[in-house]
Each structure stands twice: as structure tokens, then as C-alpha cells.
Amino acid sequence: QVQLVESGGGLVQAGGSLRLSCVVSGSSLSIKVMGWYRQAPGKQREFIAAVTSGGSPDYAGAVKGRFTISRDNAKNTVYLQMNSLNPEDTAVYYCAARRQFVGRFEYWGQGTQVTVSS
């Protein structure tokens with residue numbers, strides 16, 4: 001079984017930065033792709049970014065150029081560096097993982113709140 005635990009959320013002013021972390025435990029060697037999603041109040045959960053075990057990133061258009069996903073396989077940790085934050089980035093951010101290079105994410109963290117004030 002795989003467990004994901006996020007940290008790093010909080011309150012930040014518009015234009016500021018935050019770095020989220022997600023530690024993977026359990027059968028972490030089986031994980032091929034790690035990702036981040038977010039869900040704002042009253043909205044559906046949306047894809048933010050993903051990174052393969054080889055380090056290849058993918059981003060949603062809304063965050064490209066502002067957010068950076070990275071992965072430290074030695075630490076079983078994936079990061080999301082968020083810069084130039086704006087109030088529209090306010091959401092609960094979820095870490096996700098899957099054992100295949102394609103398909104749906106199988107494992108999810110509990111989420112961490114990010115609030116951006118104007």
C-alpha cells in the first residue's frame with residue numbers, strides 16, 4: 001500500500017510563493033508518476049502538474065511558468081514550487097500517485113490548504 005502525506009500549505013499574499021511537499025511511503029518504488037491536483041470551493045478537482053519517475057514534468061496551462069514540480073526519488077518526495085500566487089490559486093492541494101505511466105491516479109493524500117489573499 002502507498003501512503004501520501006502533503007505539507008507546506010498556508011496563507012500567503014498575492015504575488016508570494018509557497019512550496020508544497022508530498023512524502024510517499026509504503027510501496028514507493030512502484031510509483032511511476034506523481035502529481036498535484038487542487039480543488040477550490042464549489043469547483044471540481046483539477047490537474048495541476050505531474051512528474052514521471054524519470055523527472056519529465058507536465059503542467060496545466062493555468063500554472064505553467066509559475067509552478068514547478070520536482071521529485072527527489074532518494075527522499076520519496078515530490079515538491080510543488082508555486083510562485084506569483086494569486087487569489088485564484090486558493091484551493092486544497094492534493095498529492096497523487098500511480099503505478100503506471102498512463103491512466104488514472106490511484107493514491108491520494110489528504111490535502112493541504114493554500115489560501116492566497118489579495
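Buried means a relative accessible area under 20%. Tyrosine 37 has 17%, so tyrosine 37 counts as buried. The model is predicted, and the contacts below are read from it.

Tyrosine 37 lies in strand S4 and phenylalanine 47 in strand S5 (residues 46–52), so the pair ties together parts 10 residues apart in sequence. Tyrosine 37 is buried, whereas phenylalanine 47 is partly exposed at 25% relative accessibility.

Phenylalanine 105 and tryptophan 108 make another pair: the centres are 6.3 Å apart and the planes stand at 65°, so this pair is edge-to-face. Phenylalanine 105 is buried at 11% relative accessibility. Tryptophan 108 is partly exposed at 33%. Tyr37, Phe47, Phe105 and Trp108 form one aromatic cluster.

Arginines also sit over rings. Arginine 98 lies over the face of phenylalanine 105, 4.6 Å from the ring centre. Arginine 45 lies over the face of tyrosine 94, at 3.9 Å from the ring centre.

**Salt bridges**

Side chains of opposite charge can pair when their charged atoms come close. Here the count comes to four salt bridges.

| Residue | Partner | N to O distance |
|---|---|---|
| Arginine 99 | Glutamate 106 | 2.6 Å |

Which parts of the chain does the pair of aspartate 89 and arginine 38 link? Aspartate 89 is in the loop between strand S8 (77–82) and strand S9 (91–98). Arginine 38 is in strand S4 (residues 33–39).

Is arginine 38 buried or exposed? Arginine 38 is buried, with a relative accessible area of 6%. Aspartate 89 is buried too, at 1% relative accessibility. Glutamate 46 is partly exposed at 34%.

Arginine 38 also belongs to a network of salt bridges that links Arg38, Glu46, Arg66 and Asp89.

The pair of arginine 99 and glutamate 106 has both partners partly exposed: arginine 99 at 38% and glutamate 106 at 35%.

Note on methods: Residues numbered from 1 in each chain as written. Predicted model: local features only at pLDDT ≥ 70, side-chain atom pairs only at ≥ 80, totals over all residues. Heavy atoms only, no water. Salt bridge = Lys/Arg side-chain N within 4 Å of Asp/Glu carboxyl O. Buried < 20%, exposed > 50% of the residue type's maximum accessible area, 1.4 Å probe, protein only. Helix = DSSP H or I, 4+ residues; strand = E, 2+ residues; numbered from the N terminus. Phe/Tyr/Trp six-rings, centres within 6.5 Å; stacked < 30°, edge-to-face > 60°. Lys NZ or Arg CZ within 6 Å of the ring centre and 35° of its normal.
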